[in-house]
Amino acid sequence: MGTGNRKNMPGGSNFPKMRFNFTWIYLLLTVGILAMFYANRGANPQKKEWSDVKQYALAGDVEKIVYIRNEYKGEVQIKADSLQKYSSLFGGRVPSKPPHVVFLVSDKFDPEISFEEVNDSLKVQGKLPVNVVMEQKRDMWGILNWFIFPLMILVLWFFLFRGFNRNAGAGGGPGGIFNVGKSTAKIAEKSLMKITFNDVAGLAEAKVELNEIVDFLKNPKKYTELGGKIPKGALLVGPPGTGKTLLAKAVAGEADVPFFSMAGSDFVEMFVGVGASRVRDLFKQAKEKAPCIVFIDEIDAIGRARSKNGGFSGNDERENTLNQLLTEMDGFGTNSGVIILAATNRVDILDKALMRAGRFDRQINVDLPELADRVELFKVHTRKLKIGSDFDPDFFAKQTPGFSGADIANICNEAALIAARKSKKTIERQDFLDAIDRVVGGLERKSLVMTPEQKKATAYHEAGHAMVHWLLPNADPVLKVTIIPRGNSLGATWFLPDERHTRSKAEMLDEMATLVAGRVGEKMFTGELSTGAASDLDRLTSMAYNMIMVYGMGDSVPNMSYYGLLSNGNSLTKPFSDKTADEIDKEVRSIVDNSIDRATEIIQGNKDKFVRLAELLYEKEVIFAEDIESVLGPKVKPDTGADQTVPDASGDGLGAGQEGGEPEAGETVTEK
């Protein structure tokens with residue numbers, strides 16, 4: 001016999017012990033009440049008048065009548081052999097449990113006389129008399145009804161208190177609902193903060209600024225003796241996943257002080273005044289444990305710029321919370337030894353009063369990691385992984401420009417999962433490459449089967465992107481091209497953008513030509529347009545308008561930027577005249593047409609090579625930079641001369657012009 005999943009426990013039972021829980025009491029009470037309620041419930045009796053019941057009795061079909069005096073009600077049991085006779089009365093079915101019929105009478109009804117008359121008539125007919133029982137019933141449910149509803153109210157009230165008591169957080173304790181205004185911040189004492197700057201990869205500049213705050217907390221007299229004041233707050237600003245929260249924890253670990261952490265949304269409740277009360281309680285606790293750090297994550301939840309519409313604000317409670325926070329940070333009170341750290345990736349929407357010196361004295365940018373930072377990030381996130389000897393952090397750091405720390409952590413984890421799925425003992429180089437494909441491009445869609453025509457059209461589309469990227473001097477180098485469906489794309493061209501912070505007009509124009517090259521290549525060799533270039537055209541149009549309206553690169557509308565005017569929230573009017581709008585549209589159309597012409601000229605001028613590249617991609621499904629180089633020759637480099645020409649079939653010439661908003665670094669140039 002098998003033992004199933006049972007485990008042999010030495011010196012004891014094999015079965016887990018049952019633990020007492022109040023939930024069992026609630027369950028037993030509920031079952032008991034339901035059992036009492038349904039215990040004596042029989043079949044649904046039919047309601048009739050006494051005159052009808054009298055006819056049933058005189059016909060000899062009634063077995064028993066139970067008359068309840070205090071309710072003026074009679075319950076009738078019909079004989080078993082007569083039930084079929086009255087099946088129409090019960091809707092065609094035969095009830096199994098009495099009473100079968102009930103009747104109601106007034107207080108003028110005399111049961112003794114009425115029942116005696118019926119039995120006398122039955123005796124005359126020679127039939128058995130009806131068994132009559134008189135009762136005086138006490139309705140327990142009628143009494144309980146006075147208690148059930150108040151009891152339910154008390155139970156709900158109890159659970160309501162209990163829920164508020166749970167949500168009272170660190171400021172909770174006895175009192176339940178009366179602690180709803182207490183701070184819900186989590187407190188980490190000195191001994192619990194084990195994270196230091198050594199656990200944070202990269203971010204050298206941010207660490208330098210935060211190290212000064214650590215020094216303030218450790219040696220305050222060093223600065224106060226010279227008359228300086230300790231900074232009251234620092235705001236960590238940067239894209240999601242760059243390590244803002246981790247940096248705040250590292251500051252607390254380095255300074256060896258208590259650390260209060262709370263999300264901005266935790267301050268806001270549906271009750272009026274709760275947010276402001278929690279702010280007061282948070283700073284009260286912080287002052288008691290000074291010196292300490294208070295960290296507010298996603299502060300934009302309460303720090304959004306206050307409404308300019310007076311009393312018509314959509315959320316007065318949030319604004320009251322913000323007002324209280326402003327007062328606590330720099331008001332008449334003093335917060336000696338309490339430093340506020342906050343993090344947000346939406347600094348543009350924060351209230352100006354919150355950003356001023358005296359509240360957040362420092363604004364620390366936590367940007368996306370550079371190449372050296374990414375190398376360090378790969379080393380940190382692979383510490384606990386069993387990686388193979390072919391893993392090179394420098395190589396993968398170059399493959400992931402624009403990736404955040406969270407993205408790199410995700411890649412390392414995905415690589416481990418992929419290796420485990422293949423039953424490997426170590427995580428190899430190819431597992432990391434597959435993980436990058438998975439994170440950036442999405443899951444490979446093996447179930448999607450393309451027809452040969454669709455596959456060929458996709459190959460020509462992606463070959464167009466690859467060729468124009470390769471032959472234009474300012475376009476980023478291509479890493480690989482694939483026509484394997486991933487996520488929402490049927491194919492993709494991957495490239496490695498330079499880590500530049502500004503872009504020239506020539507670079508943008510070349511980038512725009514690469515975007516439209518997929519549609520040009522597909523149309524040239526299939527003769528039709530398809531929906532595959534939708535994302536390319538969307539980026540192309542967006543970049544063209546940004547080039548004219550934001551970067552001031554237009555010929556007829558030069559040196560004009562409408563970015564600030566368009567982003568101030570006023571979408572009812574345009575910040576320029578209709579004539580200027582026409583000029584902008586004409587410039588955008590000219591840029592787009594020029595991009596199409598340049599891509600067409602490059603592909604037509606290298607037609608034979610283009611066909612070979614597309615056929616190679618169709619055959620192999622994935623090609624890399626070395627494959628492209630074997631067909632097109634070395635990647636065209638930027639020319640230092642003033643003029644540039646479209647490259648010829650030999651690839652000696654260089655193309656002119658370019659545009660485009662910043663591509664998503666490390667991702668596909670296009671998705672078909």
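Strands S1 and S4 (residues 101-104) run parallel and are joined by 2 bridges; two strands count as paired if DSSP finds at least two bridges between them. Within this pair, Gln46 sits opposite Val101 of S4. A note on the model itself: it is predicted, so local features need pLDDT of at least 70 and side-chain atom pairs count only at pLDDT 80 or more, while totals for chains, interfaces and linings use all residues. Residues are numbered from 1 along each chain as its sequence is written, and side-chain values use heavy atoms, with hydrogens and water left out.

**The open sheet and its helices**

The S1-S4 pair belongs to an open sheet of 5 strands with mixed pairing, ordered S1-S4-S3-S2-S5. Strands S1 (46-47) and S5 (131-135) are the edges, each with a single partner strand, so one side of each has no neighbour in the sheet. Helices and strands here are DSSP runs numbered from the N terminus (H or I, at least four residues, for helices; E, at least two, for strands).

Two helices accompany this sheet. Helix H2 (residues 50-58) lies across S2 (62-68), S3 (73-78) and S4, running at about 145° to S2. Helix H3 (residues 111-125) packs on the sheet as well, touching S2, S4 and S5, and its direction makes about 170° with that of S5. Contact means heavy atoms within 4.5 Å; angles run from 0 to 180 degrees between N-to-C directions, with axes fitted to C-alpha atoms, for helices over the stretch in contact.

**A buried strand**

Let's turn to strand S7 (residues 233-237). 5 of its 5 residues are buried, so S7 is largely enclosed by the rest of the structure. Buried means under 20% relative accessible area, exposed over 50%, and partly exposed in between (1.4 Å probe, protein chains only). Gly233, Leu235 and Val237 point one way from S7, Ala234 and Leu236 the other way.

Helix H12 (residues 371-381) has Asp373, Arg374, Val375, Leu377, Phe378 and Val380 as its buried residues. These buried residues of H12 pack against helix H13 (393-399) and H14. Helix H14 (residues 405-421) also holds Leu417, which is partly exposed with a relative accessible area of 41%. The C-alpha atoms of Leu417 and Ile427, 10 residues apart along the chain, are separated by 9.0 Å.

Helices H16 (residues 452-471) and H20 (residues 578-605) pack at an angle of about 95°, with axes 10 Å apart. They are therefore roughly perpendicular to each other, a label for angles of 65 to 115 degrees. At this contact, Gly464, Met467, Val468 and Leu471 of H16 meet Ala599, Ile602 and Ile603 of H20. Those residues divide into 6 nonpolar, 1 polar and no charged. Nonpolar covers Ala, Val, Leu, Ile, Met, Phe, Trp, Tyr, Cys and Pro; charged covers Asp, Glu, Lys and Arg; the others, Gly among them, count as polar.

**The chain as a whole**

The chain has 22 helices and 15 strands, and buried residues make up 41% of its 672 residues. Among contacts between residues at least 6 apart in sequence, 74% join residues at least 24 apart.

Notes: Angles under 35 degrees count as roughly parallel, over 145 as roughly antiparallel, 65 to 115 as roughly perpendicular and the rest as oblique.
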